[in-house]
Each structure stands twice: as structure tokens, then as C-alpha cells.
Amino acid sequence: MPKAELHLHIEGTLEPELMFELSKRNGVSLRYDSVESLRKAYDFNNLQDFLDLYYEGANVLLHEQDFYDLTMAYLKRVHEDNVIHVEMFFDPQTHTVRGVEMKTIVYGIHKALVDAKEQMGITFVLIPSFLRHLSEEEALDTWEQLKPYLSYFGAIGLDSSERGNPPTKFQNVFAKVKEAGLKVVAHAGEEGPVDYVWDAIDTLKVDRIDHGNRSIEDPSLLNKIKQEGLALTMCPLSNLSLKVVSDLGDHPLLSLMDKGICVTINSDDPAYFGGYLAENYLQMSNALDLTQSQVVQLARNSFEASFVDDETKEKWYSQLDQYVQSYK
Ligand code: ADE
Ligand code: ZN
């Protein structure tokens, strides 16, 4: 089925094999002596457990070619899953704190996106995200560093350790982002409370919510999300791996969809969570016993919730309809 991926951290697509290759290429040592021992460490109790390893893994990324290779490997992989559009996060601060220049990161990722569009027809929106465990001052400094490249970006995001780092901590920097005419997204209600989803909407004025699992706890919040036409980019295998849900059968995706919320399926950090986009669809479909029309609705939602123009969306809806017809 043709579909879009709207919640994907490029650093979270770094497979152990490429991590070792880059560690050798760049002379950056790793704490693990083999791909197997590294993979064994992918046993997380919570978001922070994962983030510690994810930031450590990103240390092997130094040069433009590294960011290119990482991005191209992901795009080639999801082309097999029939992903036709991707809205991709990257974490500038993860790299700039190590002395990597902003242009190295942006050019490396962007070149791969442009090449993949030419070679495979995959379209894209690129989304730098501020790390919420750092200060707003550091986010403001990063915003200044991003400014020369704003034409490369379709939105700005907020990610990393959620608990104790509410969206309100970043209200000044996101006011500047909005002023510059960029869209805003934020991770909210993954591990953090329902209040953080409210804050993301009321204070940051988000255009979409990443995860948003905990929204299910608050009917008035669900009304607000519907009223504002906000979509939730949900990540089932990530939620299972980080113990946001204890079983995929308990995932709120279907209940939210039944309540009329525009929810989408995404892979978040597929190298760490055991599956790329199609695998997320497949495992959710099995766990929640989804009907064919519900699965098709999820793909349609991925187009509806994307940041492209209406004409492009209409084209994708027809493409999806054609695919469904070919199966009847
Ligand atoms: N960065 C990468 N993946 C993330 C997630 N699931 N939550 C918050 N920050 C992240
Ligand atoms: Zn995420």
C-alpha cells in the first residue's frame, strides 16, 4: 500500500552494521565489540534508557557523507515498504555539541533526500527538532544556527526526554519559529502527562502532535484535538519497546480512530525498535485485528496529516484508491 511516514528520526535508523562501519571509517570507538552485543543492549525499560544509547550511537556521525549514507540507507529500505513520502526529524544539537557544523548535517541529509526523490520518487519534508532535556537558551542558539537553512525545512519539532521538560519551557523559541512562518510539531503525551499535550496545543500552537498516547485519558482534550484538526503521529513498535504500552493489543490507536481522531502509524526509530513502517502496520493490524478498510484509512490518514498541499494529497488518495481497487 502506498503510504507516508510522518514520525521518523533519521538518527534512529542507524543500524548496528552501519554504526560499526562508520566507527571504523571515522576512528570513533564504540563500547560494544560486535553487532550482536550491541543489538543485545536494545532492551529498554523506558524512553531514557533508549535515548542514552541512541545519542551514544550518533557519535559515529561526523561528515556530510555519513549523514548522506545514513539517510540513503533508510530511504532505500522504506522504498521496499512503498513509502512514497517522508517527514523526517533530525536532532541538530546531538551533532553540533560534538563540533559537527550545521551545514554538514543539513547538506548530507538533504542531498540524500533529493537523490532519493529523483531515483525512487519519494518526496520529503525535513524537520529539525530541539532537544527538550537541554535549556531554552540552547534551543534559541540552535534556532540562530538553523536560520541560514530555513528554506530546507518544513517544520520544527521538539523531542528527547519528556518527563520534567514541558512544552512551556520552549515557548519563546517556538514563538520565533511561528513568526518565521514554519509549522510546529512536538512530542507530547508519550511518557509525559496529558497536561503536556494541552501545553503543546495552547502554548506552542502545534500543527501536529507526535505520539499523544495519553490524550485518550481526557475527553475534553480529544474534543480540542478534533476541533483544531490536529493529527497524532503514533509509533506502535516504539511504544512497545519503551514500555509506553505493555502489549500492542493495549495500544490506544484504534480507540482514538473510533473517536474520530486522525491517527497515523509510524516507526520512530526503526533500527532500535524492531521494525520499519510496514512492520508497524502489520503488527498493529494483527494485534488490534484491524479490518482492511481500517488499514487503508490509516494510510489515507498518513497523507491527510502530511504537510503537503491539497493537490498532492488528492493525487495520493487516488493512488491509494487505485491500489485498493487492484485488490478487489
Ligand atoms: N528521539 C528519538 N526518538 C524519540 C522518542 N520516541 N521520544 C522522544 N525523543 C525521541
Ligand atoms: Zn519520536
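**A walk through the pockets, strands and cavities**

Let us start with open space: the largest pocket has a volume of about 260 Å³. Its lining consists of 13 residues, and those closest to its centre are Met1, Tyr281, Leu282, Val295 and Tyr323. Helix H14 (277-288), helix H15 (292-304) and helix H16 (310-326) are the elements that each give two or more residues to this lining. H14 gives the most, with 5 residues. By class, the lining of the largest pocket has 9 nonpolar, 3 polar and 1 charged residues.

Before going on, a word about the model and its terms. This is a predicted model, in which local features need pLDDT of at least 70 and side-chain atom pairs count only at pLDDT 80 or more, while totals for chains, interfaces and linings use all residues. Residues are numbered from 1 along each chain as its sequence is written, chains are lettered from A and ligands numbered from 1 in the order in which they are written, and side-chain values use heavy atoms, with hydrogens and water left out. Rolling a probe the size of a water molecule over the atoms shows where empty space is left. On a 1 Å grid over the protein atoms alone, a pocket is an open set of points with protein on both sides within 12 Å along at least five of seven lines, whereas a cavity is a set of points where a 1.4 Å probe fits but cannot get out; lining residues have an atom within 4 Å of a point. Grid points are joined across faces, edges and corners, and a volume is the space filled by probe spheres set on the points. Helices (H or I, at least four residues) and strands (E, at least two) are DSSP runs, numbered from the N terminus. Among residue classes, Ala, Val, Leu, Ile, Met, Phe, Trp, Tyr, Cys and Pro count as nonpolar, Asp, Glu, Lys and Arg as charged, and the others, Gly among them, as polar.

The second largest pocket holds about 200 Å³ of space. Lining it are 15 residues, with Asp207, Glu228, Gly229, Leu230 and Ala231 nearest its centre. Here the lining divides into 7 nonpolar, 2 polar and 6 charged residues.

Back in helix H15, you will find Asn301. Its relative accessibility is 4%, so Asn301 counts as buried (buried means under 20% relative accessible area, exposed over 50%, partly exposed in between, with a 1.4 Å probe and protein chains only). Apart from neighbours within four places in sequence, Asn301 is in contact with Met257, Cys262, Val263 and Thr264, where contact means heavy atoms within 4.5 Å.

Now turn to the strands. Strand E2 (residues 83-90) is largely enclosed by the rest of the structure, because 8 of its 8 residues are buried. Strands pair if DSSP finds at least two bridges between them. Strand E1 (residues 3-9) runs parallel to E2, joined by 5 bridges, and Glu5 has Val86 in E2 as its bridge partner. E2 is also joined to strand E3 (residues 123-131), again in parallel, by 6 bridges; there Met88 stands opposite Leu126 in E3.

Among the buried residues of H6 are Met102, Ile105, Ile109, Leu113 and Met120. The buried residues of this helix pack against helix H4 (64-79), E2, helix H5 (92-96), E3 and helix H7 (136-146). After H6 comes Gly121, with a positive phi near 75°.

Strand E5 (residues 183-188) is largely enclosed too, since 5 of its 6 residues are buried. Strand E4 (residues 155-159) pairs with E5 in the parallel sense over 2 bridges, and Ala155 stands opposite Lys183 in E5.

The largest cavity has about 100 Å³ of space, and of its 14 lining residues the closest to its centre are His9, Leu47, Leu51, Ser160 and His187. Helix H3 (residues 47-57) gives the most to this lining, with 5 residues, and the lining divides into 5 nonpolar, 4 polar and 5 charged. The second largest cavity has about 50 Å³ of space. Its lining includes Met19, Arg31, Tyr42, Glu56 and Tyr272. H3 gives the most here as well, with 3 residues, and the lining divides into 7 nonpolar, 1 polar and 2 charged.
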